[in-house]
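Colleague: I am new to this structure and would like to go through it with you. Could you bring it up, please?

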Amino acid sequence: MEWEIKGGSMPAVEIYLEPGEAIDCEAGAMIWMNRNMFMQTKAGGVGKMFGRMFSGESLFTNQYTAVDGHGMITLGSCFPGNIMAVEIQPGRELICQKSAYLASTPGVSMSVAFQKKITGGFFGGEGFIMQKISGQGIVFLEIDGSAITYDLAPGEQMIIDTGHLAIMEGTCTMSVERAGQGIKNLAFGGEGLFNTVVTGPGRITLQTMPKSALVASLSSLMPKS
């Protein structure tokens, strides 16, 4: 399998498959393909269906297989930003924001990742339920806005504003802390009440424009009735 990510701020990934190769993807992700692609819709059992629902994905996935020759399929992002291709290996799982999953090779699986600290989910802005990507293969993930990656050393921390954490390796841990000290900082600092704190070791990917921030910015420009 080969692929190429195209399209600038409205990205798509064009995937080229050998005969018999397959790619799993979110329902509705396909935007064009050649005649050699065969589609099969999968549920994966009741447990996996509910897991996908709680982690922000559709209940079903589609698997496209190249038949009668080489296949080509293009999958599109649902939001302005980036598509990242990440290699998954046993023991190197990823924890991602809800709705990050776009597509993967059949050896990759997506499940629910619950935050161990409830405060991290309720106040950190990243959600009590996130996506856990594991297995072996390639996964394509959607990033809101531009993607910026850091490698954290053991014990090194990054303080992140609400919604800007897109991906972290499973070796990282997440918690929350109050944003600033004192009443004036909390009320007028403009940074919200809490920040997300990610502690290494591991790689993290941050996003510059989460959906929630874009929606809030556009809502402020809408005429009030």
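Colleague: Which residues is Gln157 in contact with, leaving aside its neighbours within four places in sequence?
Modeller: Gln157 is in contact with Val197, Val198 and Thr199, once neighbours within four places in sequence are set aside. Please keep in mind that this is a predicted model.

Colleague: What joins the side chains of Gln157 and Thr199?
Modeller: The two side chains are joined by a polar contact of 3.0 Å.

Colleague: And where is the place of Gln157?
Modeller: Gln157 belongs to strand β15, which covers residues 157-160. Its relative accessibility is 49%, so Gln157 counts as partly exposed.

Colleague: What separation do the C-alpha atoms of Gln157 and Met174 have?
Modeller: Those C-alpha atoms are separated by 9.6 Å, and the two residues are 17 residues apart along the chain.

Colleague: Let us turn to charged pairs. How many salt bridges does a search of the whole structure find?
Modeller: The search finds 5 salt bridges. As background, side chains of opposite charge can pair when their charged atoms come close.

Colleague: Which residue does Glu14 meet in a salt bridge?
Modeller: Glu14 meets Lys6, with 3.1 Å from N to O. Glu14 is buried, at a relative accessible area of 11%, whereas Lys6 is partly exposed at 36%.

Colleague: What about Asp24; which residue does Asp24 form a salt bridge with?
Modeller: Asp24 pairs with Lys42, and their closest N and O atoms are 3.5 Å apart. Asp24 lies in strand β3 (residues 22-26) and Lys42 in strand β5 (residues 37-42), so this pair ties together parts that are 18 residues apart in sequence.

Colleague: Is Asp24 buried or exposed?
Modeller: Asp24 counts as buried, because its relative accessibility is 7% and the cut-off for buried is under 20%.

Colleague: Which residue does Arg92 meet in a salt bridge?
Modeller: The side chain of Arg92 meets that of Glu169, at 3.1 Å from N to O. This pair links distant parts of the chain, 77 residues apart: Glu169 is in strand β16 (residues 165-169), and Arg92 is in the loop between β8 (81-88) and β9 (94-96).

Colleague: How accessible are those two?
Modeller: Glu169 is buried, with a relative accessible area of 15%. Arg92, at 29% relative accessibility, counts as partly exposed.

Colleague: Changing topic, where is Asn62 found?
Modeller: Asn62 is found in strand β6, made up of residues 61-66. Asn62 is buried, with a relative accessible area of 8%.

Colleague: Which residues does Asn62 touch, not counting those up to four places away in sequence?
Modeller: Asn62 touches Ile23, Asp24, Cys25, Ala27, Gly28, Met39, Gln40 and Thr41. The Asp24 in that list is the residue that forms the salt bridge with Lys42. With Thr41, the side chain of Asn62 also makes a polar contact of 2.9 Å.

Colleague: Now the protein chain as a whole. How many helices and strands are there?
Modeller: The protein chain has 4 helices and 19 strands. It has 225 residues, of which 43% count as buried.

Colleague: What share of its contacts with a separation of 6 or more comes from residues 24 or more positions apart?
Modeller: Such residues account for 78% of those contacts.

Colleague: Finally, what does the accessible surface come to?
Modeller: The accessible surface of the protein chain is about 11,700 Å², and 59% of it belongs to carbon and sulfur atoms.

Note on methods: Residues numbered from 1 in each chain as written. Predicted model: local features only at pLDDT ≥ 70, side-chain atom pairs only at ≥ 80, totals over all residues. Heavy atoms only, no water. Salt bridge = Lys/Arg side-chain N within 4 Å of Asp/Glu carboxyl O. Buried < 20%, exposed > 50% of the residue type's maximum accessible area, 1.4 Å probe, protein only. Helix = DSSP H or I, 4+ residues; strand = E, 2+ residues; numbered from the N terminus. Contact = heavy atoms within 4.5 Å. Areas by Shrake-Rupley, 256 points an atom, 1.4 Å probe, with all protein chains shown as cover. Polar contact = N/O pair within 3.5 Å; in protein donor to acceptor, adjacent residues only side chain to side chain.
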